[in-house]
Amino acid sequence: MAPGKKSLQIIIHAAVWTGFLLLPFVTFSGPKEMPFNPEKKLQLLFFTTNLFLIGFYYLHSVVLIPKLLAQRKIALYLLNIACILGLFIFIPFIYFQFVELPRPAFVQHMPPPNNMRPNHFGMRRIMPFTFPGTILMFLLILIISGGIKIINQWFKSEQRTEEIEKEKVVTELALLKSQVNPHFLFNTLNNIYSLAVINSPDTATSVLKLSAIMRYVLDDAKSNFVELAKEIQFLENYISLQRVRLTEKSIINFLTIGNTADKQIAPLLLIAFVENAFKYGISTHRNSEIDISLKVTENHLSFIVGNQKFQNNNSELTNTGIGITNTKRRLELMYHNKHSLLIENNENSFLVTLTLDLI
């Protein structure tokens, strides 16, 4: 518990119990000039019983519930409650062994009634009795202390469960991100290797592009969120690397619309859809086109990737691989109820439409 909350809890307990202890002095307040005035002695009695109830409250919530009831020692728990109740009922009997209620002047010379007995001083006094209200008060304290303890334990359990779930989400996101990085870099290195094999003059430029990409992946992408402008620059660098290996038969359109300043997005969230388009939407023998558009309106982002499907890849899009699978899971974790993902997988085309709320 935080120090501030603990201090507030102590103050609340102290205020409540102070009022509870002062209750007899407010309830029993008769005129002081009365010759027969038992209020002070009754006040002391009820002050004593209230003090006992306060001790019972903490004994019940701190010791009996966690040590006995929570450990399923029901019989021992009930036995302790019964013993404490018996002691509580016996408090007035003990009290009146030492304190005598004064008798009114008009009855002082009357013979004592049959229900009076001598005390150890040889005096006779009225046999004390337990007020039904005090037993009800004992049961009320029993219920309140037990209820508060159970509710507190429930809240702590829920808080622990929530913390475990959050930790699980953080761990899962870290795992997903760690899977995306090698997967993406592996594909990019393959492209540069292809350029190096044919001694392409674009190899050096591609290495510089790869350096910028790796800097983003290894540094910026460690954060939970990055600037949207950096994510767009990352996509542009990737598309530039892909263009180098393409022929004139392939057309790549990348359009960005809207103000991306002061907007943030989860890193590496869009690359899987772009990778997928290049993987399945490019043909070395036929004309092919990939359309990518990113539109920002206020705090909303719309990202659309469309491409044709070619059978020369010898792979069907029913399984889009680890990239899109991980992206779907990250969207569920980081943009729960704040995104919409529609994938249209037709016979000759593939279209991804993603909308989400930006930070």
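This is a predicted model: local features need pLDDT of at least 70, side-chain atom pairs count only at pLDDT 80 or more; totals for chains, interfaces and linings use all residues.
Helix 5 has a buried side. Thr203, Ser206 and Leu210 are buried in this helix, as are Ile213, Tyr216 and Val217. Viewed down the helix axis, the buried residues fall within an arc of 130 degrees, so they line one face of helix 5. The face turned away from that buried side carries Ala204 and Leu208, which are exposed.

The protein chain as a whole contains 8 helices and 9 strands. It has 359 residues, of which 35% count as buried. Its accessible surface is about 21,700 Å², and carbon and sulfur atoms account for 62% of that area. Contacts between residues at least 6 apart in sequence were also examined. Of these, 71% join residues at least 24 apart.

An open sheet is formed by 5 strands in the order 4-6-7-9-8, with mixed pairing. Strand 4 (250-257) and strand 8 (339-345) are its edge strands, each pairing on one side only. From one strand to the next, the twist averages 5 degrees.

Within the sheet, strand 6 (residues 288-297) and strand 7 (residues 300-308) run antiparallel and are joined by 8 bridges. Ile290 has Asn307 of strand 7 as its bridge partner. Ile292 stands opposite Val305, also in strand 7. The two strands form a hairpin, with 2 residues between strand 6 and strand 7. Glu298 lies in the turn and has a positive phi of about 55 degrees. Strand 7 also pairs with strand 9, again in the antiparallel sense, over 9 bridges. Here Ile304 stands opposite Thr353 of strand 9.

Helix 6 (residues 228-244) lies across strand 4, strand 6 and strand 7. Its direction runs at about 170 degrees to strand 4. Helix 7 (residues 271-280) packs on the sheet. Helix 7 touches strand 4, strand 6, strand 7, strand 8 and strand 9 (349-357). The direction of helix 7 makes about 10 degrees with that of strand 7.

Notes
Residues are numbered from 1 along each chain as its sequence is written. Side-chain values use heavy atoms; hydrogens and water are left out. Buried means under 20% relative accessible area, exposed over 50%, partly exposed in between (1.4 Å probe, protein chains only). Helices (H or I, at least four residues) and strands (E, at least two) are DSSP runs, numbered from the N terminus. The arc is that of the directions from the helix axis to the C-beta atoms. Contact means heavy atoms within 4.5 Å. Accessible areas come from the Shrake-Rupley method with a 1.4 Å probe; for residues, only the protein chains shown count as cover. Two strands pair if DSSP finds at least two bridges between them. Axes are lines fitted to C-alpha atoms, for helices over the stretch in contact, and angles run from 0 to 180 degrees between N-to-C directions.
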